[in-house]
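Subject: Structure handover

Hello,

Here is the structure I said I would pass on. My notes on it follow below.

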Amino acid sequence: MRTCFIHSSKLKLKFPLRKSQKIFLLLFFLILCLLSTAGASESTITNPVAPVGQDPWVIQKDGAYYYCYSHQGSIWVNRHCSLQEAVQYQGKAVWTPEAGKPYSKEIWAPELHFLRGKWYIYFAADDGKNENHRMYVLESRTDDPLGDYAYKGKIHDPADKWAIDGTVLKVEKA
């Protein structure tokens, strides 16, 4: 009997496998791969809910869905009680960056969050050069997530490296 290891970034499992079990697993995965590609052809899949767009964000609060996305150089927010209606391009541009700033171009992955009684939008952007992408935050000026937002600043550590797709982690006190 030999020992096999399964590795996953920080997880290591150790368990013994017999030769017959190894052969069974190998055949199982081979058949699974063959079945998953059988009859496959190149085709386009259309999202049945949302229109085209990259890295949008949806949050639900007080019975409404809020859809946050970047479009035409601005950050937009939609609100609707139906998810299918909320994720359409029918919202309001809540923030457009000033030209010539380090966060004026390539606005990616905005996320709308309600924290400590205020709305915030976290997003990645650059000055037109992808290597300068960094994370930034906006704060609502009103209680309405579709209201105006003020630029609060860049989110970074001392290394100040390329950054995208940041998010918020709320930790409950123990």
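Residues 24 or more positions apart make up 39% of the chain's contacts with a separation of 6 or more, a contact being heavy atoms within 4.5 Å. Note that this is a predicted model, in which local features need pLDDT of at least 70 and side-chain atom pairs count only at pLDDT 80 or more, while totals for chains, interfaces and linings use all residues. Residues are numbered from 1 along each chain as its sequence is written, and side-chain values use heavy atoms, with hydrogens and water left out.

Of the 174 residues, 29% are buried (under 20% relative accessible area, 1.4 Å probe, protein chains only). The chain exposes about 12400 Å², and 56% of that comes from carbon and sulfur atoms (Shrake-Rupley method, 1.4 Å probe).

There are two helices and 10 strands (DSSP runs, H or I of at least four residues and E of at least two, numbered from the N terminus). Along the sequence the pattern reads β-β-α-β-β-β-α-β-β-β-β-β.

Four strands form an open sheet in the order β3-β4-β5-β6, with antiparallel pairing (strands pair if DSSP finds at least two bridges between them). Its edge strands are β3 (57-61) and β6 (92-95), each pairing on one side only. Five bridges join β3 to β4 (residues 64-71) in the antiparallel sense, and tryptophan 57 stands opposite cysteine 68 in β4.

Helix α1 spans residues 19-37 and includes isoleucine 31.

Regards

Key
Buried < 20%, exposed > 50% of the residue type's maximum accessible area, 1.4 Å probe, protein only.
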